[in-house]
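Here are my notes on the complex you asked about, written as numbered points. Have the viewer open as you read.

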Amino acid sequence: MGAHSESVPVSENAGGESPIELIEPMEVTEAVADAAAPEREIDVAVGDDLVEVKNLTVKFGGLVALDNVSFTIKRGEILGLIGPNGAGKTTCFNAMTGVYKPTSGQVLLEGGLLNGMKQHKITRAGLARTFQNIRLFGEMTALENVAVGLDARHKTSVVGALLRLPRHKAEERSAIERGMALLEFVGIAEHAGSLARNLSYGSQRRLEIARALATDPKLLCLDEPAAGFNPAEKEDLMALIRTIRNDGYTVLLIEHDMKLVMGVTDRIVVLEFGKKIADDVPSVIREDPKVVSAYLGEPEDDFA
Amino acid sequence: MLSTVLTAVPADSDWINFDVNALAQNFWSATFDGLTFGAIYALVALGYTLVYGVLNLINFAHSEVFIMGCYGVFFTLSFLGFGPSAPNLSFGQILINIILALIAAILAAAATAFLVERLAYRPLRKRNAPRLVYLITAIGASFVIQYLIFLWRGPLPEPALTMFIPTPIFEVFGTIIDSQQIIIVVAAVIMMVIVDQFIRRSRTGRGIRAVAQDPDTATLMGVNKEKIIVTTFIIGGILAGAAALFYVMKIPSGVQYNGGFILGIKAFAAAVLGGIGNVRGALLGGLLLGLIGNYGQILLGSSQWTDVVAFVVLVLVLLIRPEGILGTSLGRSKA
Amino acid sequence: MSTTDGPTPMPGAKAAQAAANRQAAEKNPSTSADAAHKTGWFGRWNEKWQAMPRQKQWLYLIAIVAVAYLLPILNPPILSTEPGNDFPLALFSMAVYALVAVGLNIVIGYAGLLDLGYIAFFAVGSYTAAMLTSPDSPFIKVPYLWTLPLAIVVAMCIGVILGIPTLRLRGDYLAIVTLGFGEIIRILATLIPAMKGQVGFQNVGRPPGMGEDGIPVFANSNGTPWYWLTLTILIIVLLLAGNLERSRVGRSWIAIREDEDAAETMGVPTFKYKVWAFALGAGVGGMSGALFAGQVGFVNNQKFDVVTSILFVAAVVLGGVGNKVGAVFGGALVAYIPLRFTAIAEYKYLIFGLALMLIMIYRSKGLIPARNRLLAYGQEAYARVRNGPPKKPAVATEKEV
Amino acid sequence: MRAWMLTTEGDLMNRKKVMTALATAATLTLLMTSCANQAATPGATSAAAGGGLNLDIPVLTSIETPKDAVLPAGDGKATCESTTTLAYIGAETGANAQLGINIFNGIQLAINQHNEANPGCQVAFKKFDTEGDPTKATGPVTQATKEENIIGVVGLPFSGESKATGNIFEQQKLVHITPSATNPALVDNGWTTFFRGLGNDAVQGPAAAKFMTDQLGAKKVYLVQDDSDYGIGLGATTTAGLGDALAGSDKVTTGQKDFSATISKIINAKADAVFYSGYFAEGAPFNQQLVAKGFKGAFVGPDGVKDDQFIKQAGDASNNAFFTCPCIPGELIPTFADAYKALANAEPGTYSIEGYDAATVLLAGIDAGNQDRAKLLEWVNNYDAAGLSKHYKWDDKGELQAPAVYGYRVKDGKIVPIGPIGE
């Protein structure tokens, strides 16, 4: 961690939540971010509420998977969502991204209600996600996978594509540019032409992130992105997540690996049995007795 | 667009009518007859439901499992000297012959189900094929069976088989109920109750439900998933074989190479109507579909409407309540 | 698999699962190398083709198209279906089947929707052409060529009407609903008097033009002009399908086929694109039906059976699901075999049924495996990656600091 | 919950067997109880009376052949190019294959006899398969018309395919004689190359009506027609011929299997004869169900029903069946029947002799030196001579001038002729 350095977001208000230092690679990153999402508004205040989860409850039959959970995600932060297995992390995540209909409660993005919206509309509203078990489009190349994400912002109609109208051509060109930039950003540009299913495991995870970033999200939700990674790969991933944040994205991270969570997040929400038991910066969470007891008896966990 | 075609039809024809009087007049006979057909649909529907529960797939070849059962009945009874005219035998002899036919039908259908599972489904399961691949393979299997029968037996229906002349048993609401209707409905319902209890109470049944609910966990817990799948196919086949006997009883000239096709769609519609994956739903859906089809036929004025009505019911159910009337799946049903 | 599953049933197994996932994923590259090897001569040929410069590709294409147009005149001895069947008419049949397969490929191959009642759209197109041109029909008459676009529109409308209730559901429901629908159209043609059941419509219209001998150019016995007309339409449809393929539409379809939930999550309006696929496929099917009706000159309810529908599926699967060139090949083959080898014509359903099974089990990519190119300018980008020195990824740069 | 996981496979299987046995046992019990009832009251109540009918019409054992009948052998002195070809176009495979086989065996017999007798004129014979399908017929017909050597055609057997392809023959001026297509409207297309070698449905319908009312003595005839061109057309002409004797009518569809609705109407109408205007595929189960429901009257069907399959499928129920057919019982012409049997290893079937006679007309033309399409067409146009089965002379539309309709009945499991009807 010590050797690690962070690049700066383009935002002038940077520095609200975490200390930022200006260093060289910034230029590269900035260029990439610009290319990937040229129209993105990044000159916004860091620290505002971006997403509000209000009294979210999800029931499956008689089982309460998520019980009246509320928290906020602030613009420009990396929020960790943790908890022992079965605590309701993924349920919470799925309820936010529209996979499940919450039994009650609300999810607001920049004040707009997301509940009841179709999943693809939620994505377009600015919430993108990756999957715990990688779900790429296996028969597509890496670049095409990213292009699907980019299409979320494209406006070509079926007729436009059929007749190759100018907008279609322009969007196709920009898709190539932005797609390549994104692949470069996550570090797998040389595999742009490989089928997703032929990529190595690590590259697949990175590609998922690139694909999610391609939808130009306001909030990027990562569902256990380090699952199956070795320590070195986890280091790389942490660096990538930070870079993403520093590029002006807000990140929600569900993770099992406590070391990773503690190392990369700005704030952590802890769930247990579907309820929120803690919500604070990592250093406080680490000492919270409730959290510690929740995690006791989890043999495989390297929480320490 | 279709509706504009309909309204543009010259008025000289009575191709569709809403003959409420006819329905009122024939209501009870349509009801009893509909229940008879419904019982047959229900037995076939169970095969769809069970396989769907376990594999999450529509077994397109199930209609051919059923028609092979029909051929089992046909060959056995032809061999035993039955033909288009009512047999001149004592009731004991008829009974024994029918039982032999039932056994043959069950064997033929169950063997077909087994082969379909082995040749079409298992190789795909081994390499974890996508769903579309299963569907196409099953369609291919169904096609192959149909045209093997076609090449063997030709395009025509087999000669009719009359097992016995239905005799009036009693009269309800001015409608005579005959022995055939009673046999079919009661036997089908009893068989379905047995299957229902089997699924609920027996060890294999619990295995089936475990696989339906979560195949991976079931495997981890020591259930032999492959064996359960084969068993499910075979149970479906046994029921289809029994349905075949009743079908030939009801429609003696229905044994034809492609005779299972429409019945298969109707049975599937019945399974969806009741809630696919739900054993009791299959019974309910089958009986309801039999009734709806028969009422529709009388109301609209041609037997061909039965198929259209069944199809429309299927689409409506999918539209309004895709989980069916009873809804719950095989795995989730209470133990 | 499904994200709508309830809570994970097995606590404590996540790490193991992730490791297993990883193992599975790591295994893939090696198996795919095998797969590339298995594609055989066509695979190699395909690679060569992709590596060719655009101009050279065009040259080859023009040569192939020219040969295709000349086929009825060349009547090559081994290929020819004569003496059993007139070769130009056989070519017409093949072209119609190819067109059907290209249309159905949009539905099955791109969007992964198994439509087993495609014949219904073919029938709708046939009836549209027949009812608007045949003297047996009470409706207003229009020139035959107008019925081609009309058949597309009518078939698309019916596709949308049928698609909206069913496309929200899982794929296999769609399969059985379409199967039923294919049969229902036939029954309705029997029941509705205006559709004249088995009696049918005679003297369906044809494109204008009269030969010197007083025989219309587009007589039902003159296969060549019908073939040329259909081939031209086929080429246009192929070009348009290619346009769609290399656009967000094609990407959305393939994404839906690969993983519908993930596609939805990536912002693809999956339902909308499924309806589009269904409707566009229906449109092509309708047009094929209108062409067929025009050539045969006679339409009744007997030929629109579900069996033919399954032959259509076989055509798509044979060529390679998702591959439009394969679809052309598969469609032509399905029409050609019974016409050329009349001795085995009786076994065609058995043969194609077996082919469906065997191909799905042993060679699920079909006879002509090819991957869809989904980016309009993808080749340039890939060439850049291959040729130019890859830029150092941003993250790697960071790590060095 | 856990106990079952430890169960051995054997247990599972046994369990299943028990269940199956239970199911079977339950079914058996049911069957027993109901069959007991069945045995007590055998047979169903009869609703219709068949008493007034004259069902026992004597079987025809021989027919007179015209003394001056033209035979394919001719005088043995004919000469022609060795490329001269006649063709059969029609079903060889598919659902309608049997009818096609009957016909082309007849043609083959005529050509064989001709070629044996005429060493100087060896006519070639080609067959083209349409499967009897209008949509498939254009290919083979076009191919046949393109082959210059083919100067005459026997075919096409079915009305639908004839309708779809008649214009191609007309364009190429190729004469064709259909041995079996009976739709009256076929001659109204203005085709000069179309000839019909038998009576059409407009002849058969009234003949059938007359047969039912006069010979069978039916007072109330119920007419059931299918949805085919053939069934509808023939139904109309029969209805007209029946007049007041028509007790009612109903429609069925191709492929229908359950006829109970129609049958209850028939029984309610107390009809003593049923005319089924359609094909045997539906006619056979229809009659079987009709008789099973207690119908005691006569079942009459046209040439579409007259098929051995009808007997096979309807079983004993077919004993009440009569057929009308514009076809001549070739099996009663010993010379023809024997030669046919030697060739085809089967009895002559429906339309075998029509095929034979049609080929004879064309062969006679070739022998008379009419060896191109135009001349052969002219020859058929002016033809006026007896064939083995009947006299052949066509009017300007291509309709036979003196067609005959024969009646047939089922006796001892076979279809046998009962003589000309409707005269």
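1. You'll find C:Gly320 in the loop between helix H12 (306–319) and helix H13 (324–340) of chain C.

2. What does C:Gly320 touch, leaving out residues up to four places away in sequence? The list is C:Gly326, C:Lys365, C:Gly366, C:Leu367, C:Ile368, C:Pro369 and C:Ala370. Take C:Lys365 from that list: 45 residues separate C:Lys365 from C:Gly320 along the chain, yet their C-alpha atoms are separated by 4.9 Å.

3. A loop residue in chain A is worth a look too. A:Ser194 sits in the loop between helix H6 (166–186) and helix H7 (201–214) of chain A. Setting aside residues up to four places away in sequence, A:Ser194 touches A:Thr141, A:Ala142 and A:Leu199.

4. Over to chain B and helix H13 (residues 305–320). This helix has 16 residues and runs 22 Å from its first C-alpha to its last, close to the 22 Å expected at 1.5 Å a residue. Buried residues of H13(B) include B:Trp305, B:Phe311, B:Val313, B:Leu314, B:Val317 and B:Leu318, and B:Thr306 and B:Asp307 are on the list as well. As for partners, the buried residues of H13(B) pack against helix H11 (260–274) and helix H12 (279–300) of chain B, and also against helix H6 (144–166) and helix H7 (171–191) of chain C.

5. Next, the nonpolar core. The largest one holds 457 residues, and B:Ala42, B:Leu43 and B:Ala109 are the members that touch the most others. Helix H4 (residues 87–110) of chain C supplies the largest share of this core, 19 residues. If you want to see B:Leu43 in its setting, show B:Ala188, B:Met191, B:Leu239, B:Ala240, B:Ala242 and B:Ala243, which B:Leu43 touches when residues up to four places away in sequence are not counted.

6. Chain D has twelve helices and 14 strands. Of its 423 residues, 56% are buried. Among chain D contacts between residues at least 6 apart in sequence, 73% join residues at least 24 apart.

7. Nine residues from domain 1 of chain D and eleven residues from domain 2 of chain D make up the contact. On the domain 1 side, the touching residues divide into three nonpolar, six polar and no charged.

8. Then there's the place where chain D meets chain C. This contact takes 22 residues from chain D and 24 residues from chain C. On the chain D side, helix H3 (134–146), helix H4 (159–172) and helix H6 (229–242) are the elements that give two or more residues. Which element gives the most to that side? H3(D) does, with ten residues. By class, the chain D side has six nonpolar, eleven polar and five charged residues.

9. Finally, some notes on confidence. The predictor gives the complex an ipTM of 0.83 and a pTM of 0.85. Chain C has a mean pLDDT of 83, with 86% of its residues at 70 or more. Residues 1–15 of chain C fall below 50, and this stretch has 19 contacts in the model beyond near neighbours in sequence. Residues 27–38 of chain C are also below 50, with seven such contacts.

10. Chain D averages a pLDDT of 84, and 88% of the residues score at least 70. Here the pLDDT is below 50 over residues 1–16, a stretch with 16 contacts beyond near neighbours in sequence. Residues 30–50 of chain D are below 50 too, and that stretch has 48 such contacts in the model. Where pLDDT is low, the predicted coordinates should not be read in detail.

Conventions: Residues numbered from 1 in each chain as written. Chains lettered and ligands numbered in written order. Predicted model: local features only at pLDDT ≥ 70, side-chain atom pairs only at ≥ 80, totals over all residues. pLDDT = per-residue confidence, 0-100. Contact = placed C-beta atoms within 7 Å. Helix = DSSP H or I, 4+ residues; strand = E, 2+ residues; numbered from the N terminus. Expected span 1.5 Å × (residues − 1). Buried ≥ 20, exposed ≤ 12 C-beta atoms within 10 Å, placed from the backbone. Core = buried A, V, L, I, M, F, W, Y, C linked by C-beta atoms within 7 Å. Nonpolar A, V, L, I, M, F, W, Y, C, P; charged D, E, K, R; others polar.
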